[in-house]
Amino acid sequence: MSQPSGVALALCDDDGWKLAAVAPSYQRFLILADQGLAPEPKPSGRMPDMAALLQAAASVARASIDLIAVDMPLSKVPIVGRRRSDDAVSKAYGGRKCGTHSPNAERPGKISDALRDQAQRAGYPLATTAIDMPALIEVYPHPALVELARAKERLPYKVQKIRAYWPSVAPLERRAKLIGQWSHILTLLETEISGVKRMLPLIDESASGAELKAFEDMLDAVVCAWTGICAIEGRATAFGDDASAIWIPIGDRRQLLSASRK
């Protein structure tokens with residue numbers, strides 16, 4: 001696994017949901033619970049250690065964790081190609097530019113199986129039709145953000161696609177537009193989870209490419225956490241079948257429920 005994965009932790013108290021922690025990589029998240037760990041020079045990818053991540057999250061939260069929401073193809077059976085969950089999401093959201101890529105045996109490959117198996121051993125089975133916590137679910141930030149923003153199509157917020165989003169403007173202006181989009185997403189998330197803007201302050205146009213990518217990864221992690229909140233509260237729909245499902249927050253409930261199992 002060459003690319004880092006952001007991690008976010010959301011908690012619910014008498015005042016509602018709040019962001020308790022966010023980090024741009026597994027290792028940076030583990031440091032939040034163990035100050036004795038030396039931080040890696042920059043966020044890096046590695047195989048997940050679900051037991052360690054859950055222990056760190058429980059230490060920060062001072063409570064057990066109810067739900068794990070992951071942006072990665074997951075299934076109860078080996079993934080060898082497109083799943084019914086991929087087809088269902090693409091049918092419902094393809095017109096809004098939020099169709100899924102086709103997974104295969106190599107991608108996500110072993111990391112998907114390892115993450116699912118580790119979660120299962122920790123007491124978090126993959127939930128595909130109903131959620132009986134504790135559980136693990138698969139989520140997908142692009143349609144989640146479309147629902148959060150009530151947007152007509154996929155939001156332009158990915159660093160690697162910045163030139164494709166705004167091909168006719170100067171590089172510095174592209175960065176300004178990207179950061180403006182991030183600001184918009186943070187404002188929307190803040191209405192759902194308090195503390196998002198405080199814990200994820202915007203960076204400026206002079207940030208390095210690595211810093212921009214780290215911010216994007218943390219933003220994605222918070223979107224995953226919000227989708228998990230929606231699933232806990234019954235505000236998300238599972239697109240797929242018994243083997244695999246992608247949970248997406250509900251926009252127009254009637255429209256999504258009719259599309260989710262077709």
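How many salt bridges does the structure hold? The count comes to 14 salt bridges, and since this is a predicted model, that number describes the prediction. Here is a friendly tour of some of them, grouped by where they lead.

**Around R116**

- R116 pairs with D113 in a salt bridge whose closest N and O atoms lie 3.3 Å apart.
- These two residues sit three positions apart in helix 4 (residues 110-121), so about one helical turn separates R116 from D113.
- A salt bridge also joins the side chains of R116 and D117, with an N to O distance of 2.9 Å.
- R116 is buried, at a relative accessible area of 16%.
- D113 is partly exposed, with a relative accessible area of 30%, and D117 is likewise partly exposed, at 31% relative accessibility.

- D220 and K158 form a salt bridge, and their closest N and O atoms are 2.5 Å apart.

- R83, D86 and E138 belong to one network, joined by salt bridges that share partners.

Technical notes:
Residues are numbered from 1 along each chain as its sequence is written. This is a predicted model: local features need pLDDT of at least 70, side-chain atom pairs count only at pLDDT 80 or more; totals for chains, interfaces and linings use all residues. Side-chain values use heavy atoms; hydrogens and water are left out. A salt bridge is a side-chain nitrogen of Lys or Arg within 4 Å of a carboxyl oxygen of Asp or Glu. Helices (H or I, at least four residues) and strands (E, at least two) are DSSP runs, numbered from the N terminus. Buried means under 20% relative accessible area, exposed over 50%, partly exposed in between (1.4 Å probe, protein chains only).
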